Amino acid sequence: MFVTRPHPPRSGWTSRLRLEVQPRLFTALALAIPLGIAGTAHAAIPNFSFVGIEGVGTLDGQLDDRLGTTKNADKHIINIADCTTYAGGEIDVTVRIDPKPTGDWQYAVAYAPPGKTCSTTDANPEAVDGQCYVPAAQRELTSTSVSFVINMDDLIGGDCESGNEGDATLYVILQNTSLSEVKFESIIFDVDLKAPATPTLSEVTSGDARFEAKWTDTSNTEDGIEYAVYYGDAPFGDDDVDAVDSKTGITTKSIAIDSGLSNDITYYVSVAARDQADNESALSNQLEVLPASTTDFWEGYVSAGGKEPGGFCFIATAAYGTPLEAELGTLRRFRDEMLMGSAAGRTIVHGYYQFGRFWASYIADKPALRSVVRVMLVPLVWFADLTLALGPEGALLALLAVFGVYRHLRRRAQVHPLLVQELR
Amino acid sequence: MRPLAIAVVALTGLGLTSSSALAETPRTMMLELHGGAYSPAVDSELGGSATPWRDTFGAGSMTMLRMHLDYELWQEHGTLAIGAGFGYGWIDGKARNEAGDSTGDSVGFNLMPLQLSLVYRWDWAAVKHGVPLVPYGKVGLTGAIWWATDAKNSISNARVGSAGREGQGLTLGWHAAVGVMFLLDVFSESMAIGFDNEAGVNNSYIFVEFQHTSLDDFGSGASLVLSDDALSFGLAFEF
C-alpha cells in the first residue's frame with residue numbers, strides 16, 4: 001500500500017539525508033483502521049541519526065571529507081578521484097536509532113547504485129530495477145547502533161571514467177513483525193563521475209609583479225562551477241598541477257594574480273574548471289606572460305622631484321625638515337611596530353594625526369621653533385630607539401632600572417652631603 | 001539682457017504667488033548634497049618639468065561628492081551660518097611602463113576633503129517676498145586626507161634609496177565659494193507646505209556653486225598641490 005516517492009532533482013549541495021514521509025500512507029491508514037483491514041504501514045524512523053563512515057581495510061584513513069564521514073553529515077559526495085581511490089574498497093557506515101522503538105522490530109540495510117532502487121516494503125529488500133545490494137536483512141533490532149559494510153564499487157556503479165552522474169541510495173528499513181508496520185530512511189550519495197569541460201584561456205596581461213588572466217567557458221552551464229588558475233615559471237601539464245602555484249575557488253572568468261610574482265620572469269598560465277563535486281577539467285591552453293615594473297602616480301610624482309613627503313609624521317617631518325632623517329625612520333618604526341599594535345597606541349596615533357598637522361604647519365617655516373621642537377623630540381626618539389631595541393617590556397624594565405639607580409643615588413646624596421656636591 | 005530680465009520678473013512673480021507658503025516652522029539648519037568634478041593642480045608644483053598626474057590620469061577630472069551641513073546663527077537680512085562638510089573624490093588611471101606608455105595596471109587617487117565654513121545666504125528676498133533665487137557665499141578652512149593606490153589597490157609606496165615614501169597624507173588649506181540657489185518650493189506650494197508640516201523641511205533648493213580651493217599647506221612648498229577651481233551642483237534642504 002505504500003508508494004515509492006521519486007527522488008527530487010539533483011542538487012549537489014542540498015541536504016542529502018532524506019526522511020521519507022509518504023503522505024498517502026496516512027490516507028491508507030485512515031481508511032484501513034476503521035475498516036479493520038490489515039495493511040502495511042510505513043513512515044520515517046523516529047530518533048534516527050547518521051553517526052559516521054569509516055574506511056575498512058585499504059580505505060582506513062583514506063576517505064575524503066566530502067564523503068560526509070562525520071556525525072550528522074548531510075552531504076555525501078563521490079567524485080572521479082574518489083571513485084579511483086575507493087575502487088575495490090569497503091566502508092563501514094554507522095547509524096543510530098536511540099531510543100529504540102518499542103515492540104519487536106527487524107531491520108534491513110540495502111543500497112543501490114545511481115539510477116537503481118531497492119524495495120522498502122519490508123525488512124527483506126529486493127532490487128526494483130536490477131541492482132540492489134543487501135548487507136543485512138530481517139535482523140532483530142537489539143541495539144541502538146547499527147553498523148554495516150558497503151562495497152564502494154557496488155555503491156558507485158563501477159567505471160570511474162563512465163562520465164555518469166546520479167544518486168546512489170542507502171536504505172535503512174525497520175519492520176514491526178507483529179503490526180506489519182514499516183519505517184525507513186534513505187541516505188543519498190551524490191556520485192559525480194563527469195568532469196567539467198575545459199575552459200579556453202583567452203588573454204593574459206602583464207603588470208607590475210602581477211598579471212591578469214581572462215578565459216571563456218560556454219560549455220559548463222551548471223551551477224557552482226569554479227575555476228582554478230595555475231601558473232609557474234616553466235611549462236607544465238595536467239600531471240604537474242600540484243607542483244605549480246595556483247589560485248582556486250574563482251567564480252568569475254577573470255582574475256588578477258598579484259602576490260608571489262617577480263618582474264622580468266616569464267610565467268606560464270593555464271586555467272581549469274572545477275564542479276561542485278571537486279571534479280576538475282583538463283588544463284586549458286597555456287599562455288605566457290612577463291610581469292614588468294610599472295610606475296603609478298605617486299611613484300611618478302616622487303621620481304619627478306615632488307616634495308610632498310607623504311605619510312602622517314607631521315610634526316617630526318616639519319622639525320627635521322626632511323622625511324629621510326634617521327630619527328624620522330625611528331619614529332615611524334615606533335609608530336608602526338609598537339603603537340599600532342595596541343588599541344591605546346592606535347588612539348595616540350589617531351589623536352596625533354588629528355591635531356599634529358596644525359602644529360606642523362605652524363612650525364614649518366619657523367627655524368627657531370623647529371630647533372626647539374627637534375630638541376624636545378630627542379627624548380621621544382631615545383625612548384623609541386630603546387623600545388624598538390628591547391621591546392616594550394625591556395624598555396619599561398630599563399626605565400625602572402634607571403629610576404631605581406637615580407633614587408639610590410639621591411638617598412646616598414642625602415646621607416653624604418659631599419656626594420651631593422659631587423653629583424652637582 | 002531682455003530675456004534675462006523677463007525671466008527674473010517671471011520668477012519673481014512665480015515666487016510672489018507662493019509667498020503664503022512661507023509661513024513655516026523655524027529654520028535652523030541647511031543640508032547640501034553636492035556632486036561635481038575636481039581636478040587638483042598637482043603637476044603645477046613641478047613647474048612643467050614633469051606631469052605625473054596627467055601622465056597617469058589623463059585630462060579627466062575626479063568625481064567629487066560632498067555633503068555640507070550648517071547651523072544658522074543669525075537670520076535677519078539674510079542668513080549667517082557656520083557649517084562643516086566632508087566629501088570624497090576619486091579618479092582611476094593607468095600605470096606607465098618604462099617607455100612611458102600606459103599599461104593594464106589600474107591605479108588611483110582618492111581625496112577626502114573636510115571643511116569648516118562660514119556661510120552667508122542672502123535669502124531675505126526669498127523669505128520675505130518669495131523671490132526664488134538665493135545667492136550665497138562661503139569661506140573657511142579645508143583639510144584633505146588623500147591617498148594614492150598602486151596596481152594592487154594598496155597605498156602606493158615610492159622607494160627613494162632605501163627609504164619609502166608613503167602615498168598618503170593630509171594637506172591643509174582654505175576655500176571660498178559663491179553660488180546661487182533656486183527655491184523649488186515655488187513649483188508646488190502645497191507640496192512645500194506638506195514637506196514642512198510632515199518632515200520639518202522648510203525649503204528645498206537646487207543650486208550651482210563655484211568653489212576655489214587652495215590646498216597646499218598654505219604654500220609650504222613641500223606639499224602636494226591639491227588646489228582647484230571647481231563647479232558643483234546639488235540639492236539643499238533647509239530645516
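Two strands are taken to pair if DSSP finds at least two bridges between them. Helices (H or I, at least four residues) and strands (E, at least two) are DSSP runs, numbered from the N terminus. This is a predicted model, in which local features need pLDDT of at least 70 and side-chain atom pairs count only at pLDDT 80 or more, while totals for chains, interfaces and linings use all residues. Residues are numbered from 1 along each chain as its sequence is written, and chains are lettered from A and ligands numbered from 1 in the order in which they are written.

**Fold of chain B**

Chain B has four helices and 10 strands, arranged along the sequence as α-β-α-β-β-β-α-β-β-β-β-α-β-β. Eight strands of chain B close into a barrel with antiparallel pairing, in the order 1-2-3-4-5-8-9-10. On average, neighbouring strands of this sheet are turned by 25° against each other, direction ignored; the axes are lines fitted to C-alpha atoms, and angles run from 0 to 180 degrees between N-to-C directions. Strand 9 (residues 203–215) and strand 10 (residues 228–238) of chain B pair in the antiparallel sense over 11 bridges. Within strand 10 of chain B, Glu238(B) is the bridge partner of Asn203(B).

Of the 239 residues in chain B, 42% are buried, that is, 20 or more other C-beta atoms, placed from the backbone, lie within 10 Å of their own.

**Interface**

Contact requires C-beta atoms, placed from the backbone, within 7 Å. By this criterion, 42 residues of chain B are in contact with 32 residues of chain A. The elements of chain B that give two or more residues to this side include those tabulated here.

| Element of chain B | Residues |
|---|---|
| Helix 2 | 52–57 |
| Strand 3 | 78–96 |
| Strand 4 | 102–121 |
| Strand 8 | 168–183 |

The residues on the side of chain B that touches chain A comprise 19 nonpolar (Ala, Val, Leu, Ile, Met, Phe, Trp, Tyr, Cys and Pro), 13 polar and 10 charged (Asp, Glu, Lys and Arg), with the others, Gly among them, counted as polar.

**Nonpolar cores**

A nonpolar core is a set of buried Ala, Val, Leu, Ile, Met, Phe, Trp, Tyr and Cys residues joined through C-beta atoms within 7 Å. In the largest, of 46 residues, Tyr107(A), Tyr111(A), Tyr171(A), Val172(A) and Ile173(A) touch the most other members. Strand 6 (residues 105–112) of chain A supplies the largest share of this core, seven residues. Apart from it lies another core, of 26 residues, among them Trp298(A), Ala144(B), Leu170(B) and Leu215(B).

How values were computed:
Two residues are in contact if their C-beta atoms, placed from the backbone, lie within 7 Å. A residue is buried if 20 or more other C-beta atoms lie within 10 Å of its own, exposed if 12 or fewer, and partly exposed in between; C-beta atoms are placed from the backbone.
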